[in-house]
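Please have a look at the model shown here. The briefing goes through it topic by topic.

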Amino acid sequence: MQYFQVVGVSLGHSATPTHALPCSPQSDPEIVSEEQPNAARDLLDAHTVETIAWHFHESTGCPFWLEKKSQLKFDPLTEIRSYDDLKKFDPFEDDWLRGGPVRRWVPKGLADKPVYVFETGGTTGVPKSRIAIDDFRTDYSLFSNTLPEEFFPQGSNWLMLGPSGPRRLRLAVEHLAQHRGGICFCIDLDPRWVVKLIKKGWMDHLEEYKKHCIDQAVTVLGAGHEIKCMFGTPKLIESLCLGLEERGTSLAEQGITGIFSGGTEFTPQWTKFCIEELFGGPPEESGIYMTPTYGNTLMGLACSAPVTKENQYKISYYAPQPRAVIEVVDFDDHDQVVGYGETGRVKLTTLTQEFFVPGFLERDEGEREPPYEKYPWDGVSGVRPFHRLASSTTVGVY
Amino acid sequence: MIELPAIRWGEPYESLDVDEIAHFYTGEPIARLHTVGAGIIRRDAKKAKLARRALQAMSPAELIEKCKVAGELFESGTLAVGDSQQSPDDFVQQQSATTGMPISMCKANVVKNAFVLKNIDQILDCLTRGLDLNILARGYGDEDRGVTVSYQAQCDALGAVLPSNSPGVHTLWLPVIALQMGLVLKPGSSEPWTPYRVFAAMVEAGIPREAFCLYPGAGADIGGAILSSCRRSMIFGGPQTIQQYAGNPKVQVHGPGFSKILFGDDCVDDWQQHLDLMVDSVSRNGGRSCINCSSIYASRHTKEIAAALAEKLGPIEALPPDDPKAGLAAFTIEGAAAAIWGALQHDFSDPQTTHMTEAYGDRLVENPPVAYLRPVVLHCESPGSPAANKEYMFPAVSVVECPQEKMLASIGTTLVGTAITNDKNFRQDLIASVEIDRLNLGPIPTPQLDWLQPHEGNLIEFLYRNRALQIDG
């Protein structure tokens, strides 16, 4: 199966896969056969054992996990025989990623490689750091294979309309453009300043900063660089479209044909608005194709099943298994996966040669989706902020 | 269950994001609100001039007549609201069900809102200080004394981020349609009923539907998008909201009122004559409004005043909303009543403060999933007491002992100030005080608003710029 070829490169950090993931956004989702999930599961189990062997072996593991190993009540090298055995680990605490020395996360087996550090958070206090060597390239090369050529033509240039600074996304999108034979244009956007503006309630400043970002994008798009593809967060795509409308033009007129976006703001309703009103219709009418993704610095990138008006713009994400796994777990029992269609918290596991994260509880919730032919493993739909963290009480509103 | 689609310049819009609002006590779903994101609001805002144009196709006189009809329909008609036919009784039942307000109070607010619509000509006459509305419509004109005046509209549509707690505040934006400006409304998350019924009544009365946008739902970004995309907006919120928008000429903020009754030394010995006025000022509309009295200042007899108020207010019980005697609204946000009670306990732990309603039983009545706070009367020995100038969303009042000469320096921001005094000098000082927005000279209950007076800033001054215009020849 094509699927195994993808998996075969997952641990070879220096290899850039050339085989397509077993998906194409243009294909209709189909019901999965019984064998496919079993095969995927077998592969995940084997990949888990292989990853554990790497991270917990004295010659290849990183100082953090080797030190952790001495505190465990089990021997991961002998007692982790399947993916389910990862439940023996306590939940991964993202606070472990705050502060240094960052080298403690670099596997000895990769110590001679050039290392990047990517950060998340950091508006106040110490940000969480994740080291990376080639994972971001691998993830985005795999993702590249899911993009339809018609709308993401090889060789076309890209616009990265997202955060700059010490972020995985910025380099990842640039790699995606290069991987597809293009050159990536970026803007300056400091997301930590945006969060500060919101916390201070400086909404006029926020508006001006957003305009500043959109102005940069409009300038690049209008500068004759033949940009056809872009990444953008939903808010920025929206602002860019409105900004272009104000200037009497549109994304299509500017030559954009392919967009990928991501995040919990990428809801079915936003997609409906974006496709029907901002783009002017589905790809066959507007000439613009947009695909949602879900991911973070820890996990990488989850692709979506096709999103159409016919399925009410439902967005279902599937992790790039076995490099990463998404589970939808009970809000209180994080080892218990909820039933299909039921709501739970998103739990991520990352299993690459560079980085091992068992059972990280995301700040998101959603519904568990069944496997299907293109992605024969569990997915998640309706991703939104975890309600217990998102809720707040408002008192005294007049 | 009623479907309430978003309204985009008069057109219903079905969203994929739907919020349900439920009965405050039984949890039974009452309505499904179709919510939209900021992008739709920002994009719609670009078409605001079309709303104004549609309204400008009618003269102010025609619009006034239609508003009057709308007032009748709002009060008495059966109207198409969402996918339902809503009778006046349905309306108050639904409003009570989702907000926890007693039905009697919902009915009182219907009368208040309908009054404004039915008397819109007089209200506009007062708001404009007698200006011919055709001058506003045309942008300029000659006054009676032969002088050219020009009022430039500052927006095509007024945005309003509305609260859930007091359906009476809608009176503030109702006059806008007759001024040929559209309305972009974010109804309160649990009180979509009034804006939707006003919309239905106005359309039924013949006002162009394309003058209205209604974006229901709880999403915070809805309000932010309205405020940033409308050139003039009003918002209702707490002290934090007030601080956030202070000094922003585009936003008129309506927050806590800290309304007060001040006794002059010349009248304070007759305080017993005004006991009913004080009780009414504190407790009308469940004590939920910014115009309810939250502090009473006097130089003497304060302990007696507080004791007498406690005797009247303390026994008020939490009754079911359909009980005609119900005088308290439920707190429907989980934990809100307990949090407020905690704040009050902290207040009266101060040695200068006495809880005067303590003898009348528990104040916090928890009846999951809701809770009530029964009236609280505090006595403060000085304006320095922490509770002297506090306001809560239920009948709560602090009786503050303060020498008359120190009152105006102590009261702080006061939306409605009722001054019971005949002392000419004190009255002159009260008139000059910039702390008091709405001044009642004499024994007038603080919630008794004369709608022929501007409230919390003059809408006309907010919506129009009085500027120079010269015409050659």
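What follows covers domains, a helix, a sheet and a chain contact. The model is predicted. Chain B is divided into domain 1 and domain 2. Chain B is also in contact with chain A.

**Two domains in chain B**
- Domain 1 of chain B takes in residues 2-255 plus 455-467. Domain 2 of chain B covers 259-441.
- The centres of the two domains, taken over C-alpha atoms, are 31 Å apart.
- The contact between them draws on 18 residues from domain 1 of chain B and 18 residues from domain 2 of chain B.
- On the domain 1 side, α5(B) gives the most, with four residues.
- That side of domain 1 of chain B has seven nonpolar residues, ten polar and one charged.

**Helix α4 of chain B**
- Helix α4(B) runs over residues 88-99, twelve residues in total.
- Buried residues of α4(B) include F91(B), V92(B), Q94(B) and Q95(B). S96(B), A97(B), T98(B) and T99(B) are buried too.
- Which elements do these buried residues pack against? The strands are β4 (17-22), β5 (29-35) and β7 (84-86) of chain B. The helices are α5 (103-118) and α8 (193-204) of chain B.
- Just after α4(B) comes G100(B), with a positive phi of about 85°.

**A three-stranded sheet in chain B**
- The strand order is β8-β9-β24 in chain B, in an open sheet with antiparallel pairing.
- β8 (140-142) and β24 (464-467) of chain B each have a single partner strand, so one side of each lacks a neighbour in the sheet.
- Neighbouring strands of this sheet are turned by 25° against each other on average, direction ignored.
- Strand β9 of chain B, residues 148-153, pairs with β24(B) over four bridges. In one of the bridges between strands, Y151(B) has N466(B) of β24(B) as its partner.

**Where chain B touches chain A**
- The contact joins 26 residues of chain B to 20 residues of chain A.
- Three helices of chain B each supply at least two residues to this side: α1 (38-45), α9 (220-229) and α13 (336-348).
- Which element gives the most? It is α1(B), with four residues.
- By class, the side of chain B that touches chain A has eleven nonpolar, twelve polar and three charged residues.

Definitions and conventions: Residues are numbered from 1 along each chain as its sequence is written. Chains are lettered from A and ligands numbered from 1 in the order in which they are written. This is a predicted model: local features need pLDDT of at least 70, side-chain atom pairs count only at pLDDT 80 or more; totals for chains, interfaces and linings use all residues. Two strands pair if DSSP finds at least two bridges between them. Axes are lines fitted to C-alpha atoms, for helices over the stretch in contact, and angles run from 0 to 180 degrees between N-to-C directions. Two residues are in contact if their C-beta atoms, placed from the backbone, lie within 7 Å. Ala, Val, Leu, Ile, Met, Phe, Trp, Tyr, Cys and Pro count as nonpolar, Asp, Glu, Lys and Arg as charged, and the others, Gly among them, as polar. The expected span of a helix is 1.5 Å times one less than its number of residues. A residue is buried if 20 or more other C-beta atoms lie within 10 Å of its own, exposed if 12 or fewer, and partly exposed in between; C-beta atoms are placed from the backbone. Domain bounds come from an automatic or database domain assignment.
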